[in-house]
Amino acid sequence: MPVITFANTKGGAGKTTAVLLLATELARLGFRVSVLDADPQHWITRWYENSEGALGRRLNVVPYVTMSTIDRQLAEEKARADFVLIDLPGSRSSLLAKAVGHADYVLIPVQGSAMDAQGGANVIELLQYLEDKADIRIRHSVVLTRVNSMVTTRAMNAVKDLLAARRVHLLETPIIERSAFRDIFGCGGTLYSMDAKRVSNLDKAQENARVLALEVLQQVPRSVPAAVPGLRDVA
Ligand SMILES: Nc1ncnc2c1ncn2[C@@H]1O[C@H](COP(=O)(O)OP(=O)(O)OP(=O)(O)O)[C@@H](O)[C@H]1O
Ligand SMILES: [Mg+2]
């Protein structure tokens, strides 16, 4: 089943946050989702240990994914999940090349900053290399992260212009800067088990994650199994 790899060689671009939002949202929509946690900070693994039963058996997290284990772990999870999401370290590594090479779709989280854009460009260069040298074409998109809900910054516009000039696909849905997206790692559970009285704009965070997941599903259309309960209602 399709593999979505999240990659940006710049640390802190928002990869792990994007993986968690998408994983929990896809599981909520009824898909079986596995996350391969190759981030040395193990945030998703820790979140999962704190969130027992939050999404039943629809979500599985595989901890401690390394260069020597990824092939086996990926094969196992592909066999049982509708989507496999890979969370990578924020650096150039042979693991990055492998996880990108195995992907059906690569999502590149980029904050509105030149450094993040450069980290994203490294991933796009790798994708280009695979296409030129090995004729492997992997669909990919940039997703803007930590976007201010009130203002569009000049740096953000510069990143958008750069992507358009290079004809890199940009998801229409950005990931907005929301306290819910930070707090979820501390409190565990999902955006739907958080207390709306304690987390500001929780409803907007939920809507952001939902719309993001639906847009990603459109980008990986062949992967949508026919009989996902309720999916037609939300799409
Ligand atoms: N949309 C968001 N709203 C609020 N905080 C965010 C958002 N996205 C990321 N953050 C915060 O920014 C920091 C970096 O995010 P994250 O850990 O997701 O990045 P990363 O790319 O996985 O980093 P690394 O390369 O170190 O693995 C974290 O403290 C996270 O809580
Ligand atoms: Mg991370």
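Select Gln-128 to begin: this residue is found in helix H5, where helices (H or I, at least four residues) and strands (E, at least two) are DSSP runs numbered from the N terminus. Gln-128 counts as exposed, with 10 C-beta neighbours inside 10 Å. The terms for exposure rest on C-beta atoms placed from the backbone: a residue with 20 or more others within 10 Å of its own is buried, one with 12 or fewer is exposed, and one in between is partly exposed. The model is predicted, and local features need pLDDT of at least 70, side-chain atom pairs count only at pLDDT 80 or more, and totals for chains, interfaces and linings use all residues. Residues are numbered from 1 along each chain as its sequence is written, while chains are lettered from A and ligands numbered from 1 in the order in which they are written.

Draw a distance from Gln-128 to Arg-80. Their C-alpha atoms are separated by 30 Å, and the two residues lie 48 apart along the chain. Next, stay in helix H5 (residues 114–134) and select Lys-133. Lys-133 is exposed, with 8 other C-beta atoms within 10 Å. A line from its C-alpha atom to that of Gln-206, 73 residues away along the chain, spans 41 Å.

Now go to strand S5 (residues 105–111) and pick Ile-108. Is Ile-108 buried or exposed? Ile-108 counts as buried, since 32 C-beta neighbours lie inside 10 Å. Show its contacts, a contact being two residues whose C-beta atoms, placed from the backbone, lie within 7 Å. Beyond neighbours within four places in sequence, Ile-108 is in contact with Ala-7, Asn-8, Gly-120, Val-123, His-140, Ser-141 and Val-142.

Select the largest nonpolar core next. Such a core is a set of buried Ala, Val, Leu, Ile, Met, Phe, Trp, Tyr and Cys residues joined through C-beta atoms within 7 Å. This one has 65 residues, of which Leu-22, Ala-23, Val-33 and Leu-85 touch the most other members. Helix H1 provides the largest share of this core, eight residues. In soluble globular proteins, nonpolar side chains tend to be buried together. Centre on Leu-85: leaving aside neighbours within four places in sequence, its contacts are Ile-4, Phe-6, Val-19, Leu-22, Ala-23, Val-33 and Val-35.

On the H1 side select Leu-21, Leu-22, Glu-25 and Leu-26, which meet Ala-209, Arg-210, Leu-212, Ala-213 and Val-216 of H8. By class, this contact has seven nonpolar, no polar and two charged residues. The classes put Ala, Val, Leu, Ile, Met, Phe, Trp, Tyr, Cys and Pro as nonpolar, Asp, Glu, Lys and Arg as charged, and the others, Gly among them, as polar.

Ligand 1 is the next stop. Which residues come nearest to ligand 1? Of the 17 around ligand 1, they are Gly-11, Lys-15, Thr-16, Thr-17 and Gly-90; a residue is near if its C-beta atom, placed from the backbone, lies within 6 Å. H1 and helix H7 (179–187) are the elements that give two or more residues to this shell, and H1 gives the most, with three. The shell divides into three nonpolar, eight polar and six charged residues.

Two loop residues follow. Tyr-64, in the loop between strand S3 (59–62) and helix H3 (70–80), has a positive phi of about 55° although it is not a glycine. Tyr-64 counts as exposed, with 12 C-beta neighbours inside 10 Å. Asn-201, in the loop between H7 and H8, also has a positive phi, near 55°. With 15 C-beta neighbours inside 10 Å, Asn-201 counts as partly exposed.

Finish at Ile-70 in helix H3. Its contacts, leaving aside neighbours within four places in sequence, are Leu-36, Val-65, Leu-95, Lys-98 and Ala-99.
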